[in-house]
Structure formats: structure tokens, C-alpha cells
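Subject: Structure for your review

Dear colleague,

Please find below the structure that I am handing over to you.

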Amino acid sequence: MTKLALEEFLPYRLNRLAAAVSQAFRAVYGPHHDLTVPEWRVLATLGQFETMSAKVIGAHSAMHKTKVSRAVRALEERRWLARRESPDDRREEILRLTPLGRKSYAEIVPRALAFEARILEALGPDAGDAGRLLGALERGIGIGAGEP
């Protein structure tokens, strides 16, 4: 029987690395703004694109619709997010950040970019290669890294 060395299996290693980076990154936005991972992803997506439906946010951030829904509700309760009916489909709502949500997003972004810079610095001269390899992996499994 062929055995799998899990610690050398690429999908396992990528998953482990993603979880570790996500947990470390939570220190950037969690303690200062008391956000969960899904709340951060919704905030960041709306901060980047300004308006979007919950469905598109879920697709862009690879989150299940229930996680998006809970995050949207939590951000709305904090008055960081507002909803309006879509002019194209009355069943859909368009989400946007409020001034308070934009302020919080603006406070987090510099720390997020500094976090990314520390990771890239740790990679040293291989940082560019890492970005190209990640892009190749994304294309290879059929996911994009661009706009929704």
C-alpha cells in the first residue's frame, strides 16, 4: 500500500500555511476592532470595491453565504455597513460601508500592508517568485485573484 506523507503533501501544507497566516493576521485587525475573520473579509471587500451584493462578496472571498450573512449583520449592527435595494433585482441588496466603516477600514489597511511587507521581507529575494507561483497555482485550480 502506498502511504501519504501528510507533512509533505502540498494541499495539506498550503492549508496549514493559510491557517497560520490567517491567525497571525488576525492580530492586525482583531484586538483593535474586535472583528472576526468573516467580518474582516466583508469589510475589506467593500473597502476595495465600495458596493457589492452579499452573494458577490461570498464568491470573491470564498466564504459560505451563512458566514457572509452573519458578518454583514454584525457590521450593520456596528453601523459600519448599510444596505439598499438593488435597482436591478429587488430580492438583492447592495452593501456599502458607512463613514464609520470606511474609517475603520482606513485604520486597518496600513497595518495590513505592513503585515504583508513583513511576510515578503521574510521571503527575501524569493518574494517575486512566490507571487508568481501562487498565481500559477490559482490559475491551475481555476480560481482568479482579481476583481469579482
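Among contacts in the chain between residues at least 6 apart in sequence, what percentage join residues at least 24 apart? The share is 53%, where contact means heavy atoms within 4.5 Å.

Two remarks on the source come before the details. This is a predicted model, in which local features need pLDDT of at least 70 and side-chain atom pairs count only at pLDDT 80 or more, while totals for chains, interfaces and linings use all residues. Residues are numbered from 1 along each chain as its sequence is written, and side-chain values use heavy atoms, with hydrogens and water left out.

Overall architecture

The chain has six helices and three strands, taken as DSSP runs (H or I of at least four residues for helices, E of at least two for strands) numbered from the N terminus. Along the sequence they follow the order α-α-β-α-α-β-β-α-α. Along the principal axes, the C-alpha atoms fill a box of roughly 55 × 35 × 25 Å. Of the 148 residues in the chain, 28% are buried (under 20% relative accessible area; exposed is over 50% and partly exposed lies in between, with a 1.4 Å probe and protein chains only).

The nonpolar core

A nonpolar core is here a set of buried Ala, Val, Leu, Ile, Met, Phe, Trp, Tyr and Cys residues joined through side-chain atoms within 4.5 Å. The largest such core has 25 residues, and Val42, Leu43 and Leu46 have the most contacts inside it. Two or more residues each come from helix 1 (10-33), helix 2, helix 4 (65-77), strand 3 (93-97) and helix 5. Helix 2 provides the largest share, with six residues.

Leaving aside neighbours within four places in sequence, Leu46 is in contact with Thr51, Met52, Ile57, Leu81, Leu95, Arg96 and Leu97. Thr45 belongs to helix 2 and counts as buried because its relative accessibility is 4%. Residues up to four places away not counted, Thr45 touches Glu50, Met52, Ile57, His60 and Ser61.

Packing around helix 2

Helix 2 (residues 37-49) packs against helix 5 (residues 99-123) at an angle of about 100°, with the axes 10 Å apart. Axes are lines fitted to C-alpha atoms, for helices over the stretch in contact, and angles run from 0 to 180 degrees between N-to-C directions. The two helices are therefore roughly perpendicular (65 to 115 degrees; under 35 is roughly parallel, over 145 roughly antiparallel and the rest oblique). On the side of helix 2 the contact is made by Trp40, Leu43, Ala44, Gly47 and Gln48, and on the side of helix 5 by Gly101, Tyr105 and Ile108. By class, this contact has five nonpolar, three polar and no charged residues; Ala, Val, Leu, Ile, Met, Phe, Trp, Tyr, Cys and Pro count as nonpolar, Asp, Glu, Lys and Arg as charged, and the others, Gly among them, as polar.

Helix 2 also packs against helix 4, at an angle of about 75° and with the axes 8 Å apart, which means that helix 2 is roughly perpendicular to helix 4. Here Pro38, Glu39, Val42 and Leu43 of helix 2 meet Lys67, Val68, Ala71, Val72, Ala74 and Leu75 of helix 4. The classes in this contact are eight nonpolar, no polar and two charged residues.

Aromatic residues

Rings of Phe, Tyr and Trp (its six-membered ring) pair if their centres lie within 6.5 Å; planes under 30 degrees apart are stacked, over 60 edge-to-face and the rest tilted. The count comes to four aromatic pairs. Phe25 and Tyr29 form an edge-to-face pair, 5.3 Å centre to centre with 65° between the planes. Both lie in helix 1, four residues apart, about one turn of the helix. Phe25 counts as buried at 14% relative accessibility, and Tyr29 counts as buried at 1%.

The rings of Phe25 and Phe115 have their centres 5.1 Å apart and their planes at 55°, so this pair is tilted. The pair links distant parts of the chain, with Phe25 in helix 1 and Phe115 in helix 5, 90 residues apart. Phe25, Tyr29, Trp40 and Phe115 form one aromatic cluster.

Yours sincerely
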